[in-house]
There are 2 protein chains.
Amino acid sequence: MSIGQSIPRVDAWEKVSGRAKYTDDLVDRNALTAKVLHSTIANGLVKKIDTGEAEKIPGVVKIITCFDVPDFPYPTAGHPWSTDPSHRDPMDRRLLNKRVRFYGDDIAAVIAEDEISASRALRAIKVEYEEYSVILSPEDAMKDGASILHEECPGNILKHTSVEDGDFEAAIKEEGLLCFEGVYETPIVQHCHIETVTSWAYMENDRIVIYSSTQIPHILRRIVAQALGLPWGNVRIIKPYIGGGFGNKQDSLYEPLNAFLCTKIGGRLVKLELSREEVFCATRVRHAEKIFLKSWVRHDGRLVARSYKALSNQGAYGSHGHGIAAKGTNAFRQLYNDEKARKTEIFTVYTNTATAGAMRGYGTPQAVFAIESHIEDIARNMNIDPLEFRFLNMMPVGYVDPFTKNVNRFDSLRQCVEAGRVQIKWDEKRKRYAKQSGNVRRGVGMSLFWYNTAVWPISIEISSCRILLNQDGSVQIQLAETEIGQGADTVFAQMAAHTLGIPWQKVHVISTQDTDITPFGLGAYGSRQTYVGGAAVHKAAGMLKEKILTLAAEYVRKPVSDLDVVDGNIVQISHNNEKLVSLEELAIDTLYHIEHAEHLTAEVTAQVKSNAFSLGCAFAEVEVDIPLGKVTLLEMVNCHDCGTLINPKTAEGQVHGGMSMAIGFGMFEQMLYVPKTGKLLNGNLLDYKLPTILDHPRLQAHFIENHEPTSPYGTKALGEPPTVPGASAIRNAVLHATGVAVNSIPLSPHLLFTEFKKAGLI
Amino acid sequence: MSIGQSIPRVDAWEKVSGRAKYTDDLVDRNALTAKVLHSTIANGLVKKIDTGEAEKIPGVVKIITCFDVPDFPYPTAGHPWSTDPSHRDPMDRRLLNKRVRFYGDDIAAVIAEDEISASRALRAIKVEYEEYSVILSPEDAMKDGASILHEECPGNILKHTSVEDGDFEAAIKEEGLLCFEGVYETPIVQHCHIETVTSWAYMENDRIVIYSSTQIPHILRRIVAQALGLPWGNVRIIKPYIGGGFGNKQDSLYEPLNAFLCTKIGGRLVKLELSREEVFCATRVRHAEKIFLKSWVRHDGRLVARSYKALSNQGAYGSHGHGIAAKGTNAFRQLYNDEKARKTEIFTVYTNTATAGAMRGYGTPQAVFAIESHIEDIARNMNIDPLEFRFLNMMPVGYVDPFTKNVNRFDSLRQCVEAGRVQIKWDEKRKRYAKQSGNVRRGVGMSLFWYNTAVWPISIEISSCRILLNQDGSVQIQLAETEIGQGADTVFAQMAAHTLGIPWQKVHVISTQDTDITPFGLGAYGSRQTYVGGAAVHKAAGMLKEKILTLAAEYVRKPVSDLDVVDGNIVQISHNNEKLVSLEELAIDTLYHIEHAEHLTAEVTAQVKSNAFSLGCAFAEVEVDIPLGKVTLLEMVNCHDCGTLINPKTAEGQVHGGMSMAIGFGMFEQMLYVPKTGKLLNGNLLDYKLPTILDHPRLQAHFIENHEPTSPYGTKALGEPPTVPGASAIRNAVLHATGVAVNSIPLSPHLLFTEFKKAGLI
C-alpha cells in the first residue's frame, strides 16, 4: 500500500545530485542565441527601426523586427482549447509588437552566434517611437481620454461582469443592519521561479521542435501553432525537468517567438533564454487588485448581504484575463454564506504594467486578503470573537454551489480552525496579547481560505495516462500532467503502485513530456494533478490490472474473481492472498508467448466532471516593532483539508512553499513602477524583496484528511491553497497586536509607518 | 493511396542537411571516456594485470580489469528471449575476460576525463599472460589436443546437427547416377557500417540509461540487465539515428560493459566509442564457412539426392552461433528439390578469430555461394543450359516446407530469371562469349537465391505499434522496429497513411526508440520490418480508424458502415465518397468534447506466425584479365520478388546496397590473420578492401511484384536478399569467361593467378 507513505521523491536523487537535466542543460553546443529588444517606452508606437549598424556586427545572423512578423493574433493563457469561441482566451498577442504597451514590450529580436554579439546588436539597433502618456492603474485606464491599448477594448476594459444573487436592494433594507465598508489593495508580484524562462527550437523536416521550461506542453503546442499559423501537429514540445513555474509557465511566453525565429534561418537551432530582469519585466505577474467590500450584518453577527467590487490590473496583454478576478468572486460567494443576497462586480483592465497572468492561487490570494481582512474588521468592530463570527457565517456543510455543483461535504473549515487554534495556542495568546503597550507588541491572527480543485466546469478537465508493463513486473507511466517541482511524479508513482498492487519502486515515471508521444493532458495548473491526473492514473492502472488478471487466470487456471495483485505477485484471494505466481513470471510468459505474445500496456483518457472544495485556514503570530514599522513573524500554522494525503512529507513541503509565498505577498514583495515612464524600478532579485530564510519562522503544516469521494484516491487541491490565507492572517495578527487595520499589502515598514502614524501610535 | 509511391524518405531532410543526430552527437560535453584494453595474444590466460602506473596518470578516473567483473555469463545475440531454455542463445560472455580467446579480447577498461588520458593509461597497463597455440580454423579447432576455448564445448564444437530427408543411402544407389562433388570456401568479412560502435551510459536513480547505436533496443535492454544481474526494467535503452548496422548491431556489443563501467563510478556519464580498428577486430564478422557438397544427378539433369556439410567458423564467442549455418541448410534444402533424398550436417566451431555474428544475409550468402557454384558446375559438366538445369530442379510452385509451413505460392524464381535474362541480354552474350581466346575474356553468369522473411517459427515474431491522433488530423506512429538506414520509417509512414486514409505527409514517425516508452518490438533483423512491423502498423492503424469512424458516425449522424476516411476527410461511401467533415474537425471535437473528451490513440501487438519465401536471382557480366588475375564487373542485374513494393525508389536503394555488399564479398573483402599470433592483418579501411564506386558497374534492380497474401501490405523480405546471390553470379561469370571454376572467394588477383595457373591459362 503506497498511499499515505512518505516515500522519497522519485526525482530526489537526480535533483540533489545535480544530475537532473533542465532545458538549458540539454541544448546543443552549436545553438544560436536569440535576444529580444525591449521597448524603452511604456505606451506608444514604434515608428521606425534601423537595424543597419546592428547587422554589421560580426556574429549577427539575423534581425527580425515587429515589421517582419505575421499578423496572427494569438492567446497566451495555458487553457485547453474550447470548441466554444466564447470560452477562449483573449487573442491579443503578436510575436513582436509595433504598438508598445509596456516598458519592455518586445519590438525586435536578434539571432547571433553568441550572446555577446547578440547583446551588442541589441544596443546598436535604433528605434523611433511615438509616445503616449503612461497608464499604471485600472482607474487611470478607465478614465475618459486615456489612450486605448487594444482597439477592441474601449475604456481599456478587457472584460466587465456583474452578478447578483438574491434581491440585493431589498436585503440591505432590512431594519437594524450594521453596514461595514473597506477598500483593500494587493500589489503586483512576480513568481520568482529559480529557473528563468528558457526555450530552444529547431526544425525537423517541416516541423518545429521546441524544448521549453513550461508547465503546459500540449497547450503550448497549440498556441505556438496558432501564433505561427501552422497545423497544430507540426509543432512538437518537449518539457524536461523544470525549475519552478508557479503559473508563470502556465502561459505561452517566448516559445512562439523562439519557434518563429528558427523558421527564419532555415530551421537552425536557436535558444532564447531570458535574464532574471527580463523575467520580471516581460513575463507574467500576479494581478494587482483593488477590492471594494461592503457588508450588511445583524447585531448577532449574521451576514445578511455583501457586495464585492474589484478592479483587476491586467497589465499590457490579455493572458489569463478576467478568469483571475472571477475566481476571486467565487471565493467571495462561497467562503461565506449571506443569508439574503450578494452582489459582485469585477473589471479587468489593461494598463501599461507587466502582463498579469496565472500565479499560484489564481486570484484567490487577492480576494481572500480582502475578504478575510474585512471579516476580521467586522468581528472586531462588533466585538465578536473572530472564530465564532466565522463559524456563524462560513459556508455550511451540505452547501451545493449552483454553478459548479460542488458540495461542501465535510466540516473542513471548522476542523481546520480547531486544529490550528490548538497548534498556535490561540486562546491563550489572544488573551495574553489583549492588553499591550510599548513599542514592541505581539498579536495572533488568522484567516480562512477557500479554493476549489481543477477548473471544471469553466473548461474541460481531462488527462490521459499510459502504462507499460516490463518483463520484471515494473512499469513506466506517462502522462502530460507535468512535474514542476510540486512532487506530482512521486504521487503518480504511489497511485499507480497502489492500484496495480506493486511496490512503488517498480513504477518508473516518465518525467519528460513530449507532445509527439505523451498521451494528451493539460499540464500543471489549478491544483489539478492528484485530482485529474490521479483519475487518469487510476483508470489506466485499473485497465492494466484487469489485463494482467485475465492473463493470470489463464496462467494459474483460477477464476479472475479469485485473483488479485499484491506486492508484485498474483495471489489467490480465497486462500488468504497466497502467492500463485510473480508478476515478473507472468509478464515474461505474456510477452514471449509462442501462441499469443503481447506487450501489456494500457492507455486511456479520464474526463473529470466534478470539482471539490479545498478548504482550510492559516494562523499567524507576529511581533510588531511600531516605531520601526517592522513586523517579525514568530509562528505560522496552515491547516488544510486536501482529502487523503498520498505522501504526507511532500504534502508538507507543498504547504511550506505556499506559506513562504504568502509571507512574501503579505510582508515584502511588490513590483514598483516609475509613474512617469512606466519603467519597472525593482525588477531584479536584489531590489525586489523576496523573503529569505531569516524571515521565516518554523512553518507548521497540519492536515485534516476527509477522504474526497469524487476523487479515486480521495484527494483534492493542495498545490495552490497554501499560498492563499497567509497574508490576511499576518495582517489580522498585526491588527491584534496594534489595533491598526492595514488594508494594503505588503506590510512594508514604509506603509506601516504611515498607518501607525495615522493611528497615532507614533 | 500512399502504397507504391516513391515518396521521399521521411528522414531525407535530416540526413542530407547533416542535422540528424546520431548517438555521439547527443552525448553531454561532460561525459567521461572509456577505452578497452584488448589482449595482445589470441589464446591463453591473463595471469596478472598491473594497473599501478596507469592509475597515476592524471585524468584517469577508474580502471576495471577482468578480475573485477561479476560472473554473470550472458548471451549477446539479438534474438528475443525464449521461455524455452533450449531456444536461447549461447551464454558464454563475461564483461571482461580472463580467458583470452582472440587477439583483441577485452581484458580491462579505463575510464578517464578525456581520450588522451585514457589512451595513455591503456599503454601503461602491464599484463602477464599464459599463452596457448593459436587456432584459426574449425578443422584445427576440432583436432585432438587443441586447446578448448569454452569448457562447456568439448572439441570446440559449439553445436553440431545433422538432418536427413528421405532414405539417402538408398537414393544414391539408383543406377546410372552421376555424382558431383565440390568444396567451397567463404571468407571472414566485416560489416563496415559508417558509424562505428558507440554508446554512452549513465544512471538515473538506480536505473541505467544507455544511448546506443543499436538495431535492437528492446533486446539489448534484456541482455544488459542479464550481464549486470539487474531486473530488466532497470535498464533503459535509447536508440537515435544510426549510421548502419548490417547485423553487427543486432548484437549486444559494448553496451553491457559501458553500463557496468558507469555503475562503478556512481552512475556518472561514460562514453565508449570504438575506433574503426576495434570494430574490425573486436565486434562481429560474417562466419567463414567451408562447405562440402555432393550431388547425385540423372542423365536428364534431375537432382536425385544431395548432401551438404558445413564447417562454420564461430570465432571466439557464441553470438548468433549455430543459427547462421542452420539458415544456410534451409537455403540448401529449399532452393532445389531433390527427387529422393538429401542430407545436411553442420558444425559451428569456436576458433581464435573474431566472433562471428549476424550479417546481412545471415548465412545464406555463404550457402548460396556454394550451392549455386556447385549447380553451375554440374550443368556445365553435363552440358545442360544452366537456366534450364535450374528450372528443372528448383523449388516447385506449391512446395510447402514441412517445418516452417511456408508455401511457394508463385513462380517467382522463373519470373525473376526470365526478367534478368532479358535485362542482361543473357542468350546473346552466352553465345557471343562461348568461344574466346586471348588474355582478356568476358563472361556472363547468374545465381538464384533463396531467402525467407523474418524468423518464425525459430523464435517469436511480434511487433507492437502505437498511433496518436493530433488535432490537425495528423498522427505520430511509434514502433520498436528500428530505422537503420534501410528506409523502414518511410514505409511505415506510407503504410499508416494508407490504412488510415490520410496523406503520408500527415504521418510523423517517431524514429528514436526508447525502451521506456516505445511499444515492445524486436528491432531490425531478418528482413522483418515490412512483414512484421507492417502487421503491427496495419493492426494499430485499423484500430484507430475504427475509433475514428465510430466517433464520426455520431458526429455526422450516419451509419459507420457508410463512412470511410479518404485523404484526411470523413466521406460517405454511398454518396461517391463525398466529404462530410475533415478529420481535423472531428479530432478537435473529440479531444475537447465537453461531454466525452478523449485523446484518440491505438496501441496493439501483432504476432506473426507465418513466413514467406523471398526469391530471385542475380546476373553478372565480367571481363577477366587472365595474366593480371583481375576481374572487372561490367554489368549486374538483381531480380527480386519481394511482394508488393511500398516505395519503389527506396526498394531500389535497398537492392543497390545489397548488390554492393555482394560485390565486396565476391571480389574483394577478406579479413586476414597472422597464423602464428592470430593478429588481424588488415583490420582498417585502408588494408581491408571494400569495393569503391570505381568497382561498381551500373547496378540494375528489377522487381516482380507478386502480392504476398500473408502480409497485410503484400510485402516480404527485401533488406537482406540482395546481398545473397551476387558472389556466385560473378564466380559463374568468371567460369563462363575462362572455363575456370574457382571455389573460394573473394576472387582476388592472388587467388585467380593461382587458379588460372593451375588451369594452364597462364
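I began with one residue pair: B:F449 stands opposite B:G616, the latter lying in β25(B). I note that the model is a predicted one.

Entry on the first neighbour. Strand β16 of chain B, residues 440-452, is joined to β25(B) by 13 bridges, and the two run antiparallel.

Entry on the second neighbour. I then turned to strand β26 of chain B, which covers residues 630-641. I found 11 bridges between β25(B) and β26(B), again in an antiparallel arrangement. Here I recorded B:F619 opposite B:V637, the latter in β26(B).

Entry on burial. I asked whether β25(B), residues 613-625, is mostly covered or mostly open. The strand is mostly covered, as 11 of its 13 residues are buried.

Entry on the contact between chains. I looked up how many residues each chain brings: chain A gives 42 and chain B gives 42. On the side of chain A that touches chain B, at least two residues come from each of α1 (12-16), β17 (462-469), β18 (475-479), α16 (583-591) and β24 (601-607). I noted that β24(A) provides the largest share of that side, four residues. Sorted by class, the side of chain A that touches chain B holds 16 nonpolar, 16 polar and 10 charged residues.

How values were computed: Residues numbered from 1 in each chain as written. Chains lettered and ligands numbered in written order. Predicted model: local features only at pLDDT ≥ 70, side-chain atom pairs only at ≥ 80, totals over all residues. Buried ≥ 20, exposed ≤ 12 C-beta atoms within 10 Å, placed from the backbone. Pairing = 2+ DSSP bridges. Contact = placed C-beta atoms within 7 Å. Nonpolar A, V, L, I, M, F, W, Y, C, P; charged D, E, K, R; others polar.
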